[in-house]
Amino acid sequence: MPDSQPIAVVTTGGTIDKVYFDDLSQYEVGETVIGDLLKTARVTQPFEIIAFSQKDSLHFSDADRAALVERVQGLDANRVVITHGTDTMTVTAEAMAGIAGQTIVLVGALAPARFKESDASFNLGMAFATAQAAAPGIYITMNGTVFNALEVVKDRSQNAFVPNG
């Protein structure tokens with residue numbers, strides 16, 4: 001199933017790329033570690049990392065979403081992974097619902113990738129596999145599950161994504 005066309009990996013920020021600063025006692029979105037995670041996983045499928053933004057998804061505006069949709073539509077790639085904060089990931093997925101002909105997978109983490117016990121690597125691996133195997137559409141990969149992105153919500157009480165039906 002692999003082909004030579006690179007998977008576009010568009011980074012927008014979110015917890016997956018957060019850094020903890022002891023002197024500030026808070027997290028901030030840092031430089032992306034997505035390339036490092038894919039290298040560590042020994043990924044051989046070609047990919048291209050496209051830095052779009054470095055924002056917490058709570059600060060991701062409708063204008064940011066519109067610009068992201070435009071950027072994704074303008075890509076030559078028909079397989080796209082988007083790293084995104086989990087708090088508004090489903091809102092961004094809804095904004096992308098009109099994009100046809102591309103397999104788009106949104107992914108994030110509930111703990112920063114820089115943390116030893118983060119879910120980031122696993123989630124990213126699932127997103128990368130989904131981008132290669134799934135039919136065109138919009139997906140979210142979180143908690144070991146591939147979701148139709150328009151049929152899922154983040155359940156804060158469970159700290160997990162669950163079907164919204």
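Colleague: Why is N143 called partly exposed?

Modeller: This is a predicted model, where local features need pLDDT of at least 70, side-chain atom pairs count only at pLDDT 80 or more, and totals for chains, interfaces and linings use all residues. Buried means under 20% relative accessible area, exposed means over 50%, and partly exposed is in between (1.4 Å probe, protein chains only). N143 has a relative accessible area of 34%, so N143 is partly exposed.

Colleague: Where does N143 lie?

Modeller: In the loop between strand 7 and strand 8. Strands are DSSP runs of E, at least two residues, numbered from the N terminus. Residues are numbered from 1 along each chain as its sequence is written, and side-chain values use heavy atoms, with hydrogens and water left out.

Colleague: What makes the phi of N143 worth a remark?

Modeller: Most residues other than glycine have a negative phi. N143 is not a glycine, yet its phi is positive, about 55 degrees.

Colleague: How do you know that strand 7 and strand 8 pair?

Modeller: Pairing requires that DSSP finds at least two bridges between two strands. Strand 7 and strand 8 (residues 145–148) have four, in the antiparallel sense. Y139 stands opposite N148.

Colleague: What makes strand 6 a partner of strand 7?

Modeller: Five bridges, in the parallel sense, link strand 6 (residues 103–107) to strand 7. One of the bridge pairs is V105 with Y139.

Colleague: Why is strand 7 called mostly covered?

Modeller: Six of the six residues in strand 7 (residues 137–142) are buried. G137, Y139 and T141 are on one side, and I138, I140 and M142 on the other. Both faces are covered.
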